[in-house]
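Me: I'm new to reading protein models. Could you help me see what the labels rest on?

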Amino acid sequence: MEYTHLSEFEIRSGALSLWTPELAADAWKPDDRPLTSVHADYCAAIDPADPLPGRGRWIGTIFEMDAPLEACAWRETLRRWHARHEGLRTTVTGTAAGAPRRLVADTTALGIAEQPVPSATDGARINEFLCGALEERLSPLVWPHCLAATVEHADTGDFTVLVAADHSVMDAYSQAILILELRAIYREVTAGEPSRESVTFGSAADFAVLERASAAELELDSPAVATWREFLADGAMPQFAPHVARPTSTELPQPSISRQLLDLAELEQLEAALDQARHRMSVAVFAALAVANQQRFGADRLRTAMPIATRPDLRWMESMGWFVNVVPVDIAVTPGAAITTALEQTRTALRRSRTANDASWSRVLDLLGVAETPRFGISFLDIRVLPGYELVADLRGRTLRAESYSPDEVFLWVVRAADGLSVSTRYPAGFPADVMDEFLTAFGQVLTSITAAVHAGPAVGEGDEEQRRAAATDGPCLPQPASVAVETPVPADASALSADPLRVAVQAG
């Protein structure tokens, strides 16, 4: 699934409508559950007078629904979706004086209003209108924090769906799973069926209670704090190739690149080699990035932040919300070392970063007195963890990010999709495009070299239990593809799901 800008998605012409959640002014009720650490800090950093609160902040999803648009059914679909997910009926108050507080609205108070936009029917004009509307209307401080749009295509009997939200109520995993969730609800509504119930639609506010309790236990001598302290030993967040970047204006949007690194045949060959070497794909991706960084920029260490979407229990598997943490990754690659050595060094580094998986990065930085936020980040997602991922491509599903205007941030998103391995990146307007192109080319070449290098070396012995155990604990723990199917009921009794909580740490933005 490509992670791109809305402006880069070709919307087919048609009839545009905006669909906005509505609540009466007295529908909001104070809620004592806290915001997560990062959510509270995020809200506190927003200027409430900003005329474009969504600029550079919103995220979303676009896809084509394989059914005709029935306005009443779509309105009911969105109503059920908001009723299901408490996070979509949540807002904040009190940011002007003191910490922001949570407000929650009951499901019975919710309505969905349609606003046709007859002035925009051409695909390019629709795209332009939506890009502007989302920058103006999406804010972490003003509800609704999530908006939807449809473009009805009368000639083909289907419609395009855009769902966009402020990042405070949606993460990358939410972006991906909402496609088939909305499709399933729409099919239920048009068939006159009740909405599916599940224990996996847990409240993001309940997660926040656990996150804040865990964050409160962090101390300066906590292992996660020590990991971050070592990572920031030179006093600053790492940057990507800082000697290459040129000064640029914050008025210039960042360029964006999306490309396929390996087709499916090449990827499957690599995966077979990694199975032989007892390494995970995440290790290969970060090792290849570290080696490419060394080849192109002469750096023997790849230091980056890694966003991970953390859902610590099965009850949040299908939730909409911001389940995000950030961990530090510091990979030292021996100059001139074989790629197999780089793989081992990378595995060691990723295992070290796991000490910070459950520690709120926002709270850790507060303890260390660090105000700076990450400027270089890399995330990896195996899309096969998403239920029904093959259908997403048929629906032209794309996850979206707002255009960024940062003069120094560089982010890379690597995705294992149904058709191969791809990478998307955004980088400052002052960074030379040819240099980024050369780096991404080197990244792909190093990945390809892993297959030949592993096949040329000795295979791991079947009896090597220690190495097998090490491979099983590389990197993050990902949910398996069949763990929860969006259109398949799950047990009503949460205790039937697992005796032990399922740890889901999906590497995502």
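Me: Which residue in β9 does M65 stand opposite?

Reply: M65 stands opposite F159 in β9. Before we go on, the model is predicted, so local features need pLDDT of at least 70 and side-chain atom pairs count only at pLDDT 80 or more, while totals for chains, interfaces and linings use all residues. Residues are numbered from 1 along each chain as its sequence is written, and side-chain values use heavy atoms, with hydrogens and water left out.

Me: What makes β4 and β9 a pair?

Reply: Two strands pair if DSSP finds at least two bridges between them. β4 and β9 (residues 158-165) have seven bridges, in the antiparallel sense, so they pass that rule. β4 also pairs with β14 (residues 398-401), antiparallel again, over four bridges. There, I59 has R401 as its bridge partner.

Me: And why is something called a strand or a helix?

Reply: They're DSSP runs numbered from the N terminus: helices are H or I over at least four residues, strands are E over at least two. The chain has 13 helices and 17 strands by that count.

Me: How many residues of β4 are buried?

Reply: Seven of its seven, across residues 59-65. Buried means under 20% relative accessible area (exposed is over 50%, partly exposed is in between; 1.4 Å probe, protein chains only). I59, T61, F63 and M65 point one way and G60, I62 and E64 the other, and all are buried. For the chain, buried residues make up 56% of the 509.

Me: How do you know that the length of α3 agrees with its residue count?

Reply: The expected span is 1.5 Å times one less than the number of residues. With 15 residues (123-137), α3 should span 21 Å, and its end C-alpha atoms are 21 Å apart, so the two agree.

Me: What covers the buried residues of α3?

Reply: The cover includes β2 (15-22), β8 (146-153) and β9, going by contact, meaning heavy atoms within 4.5 Å. Among the buried residues of α3 are I126, L130 and L134.
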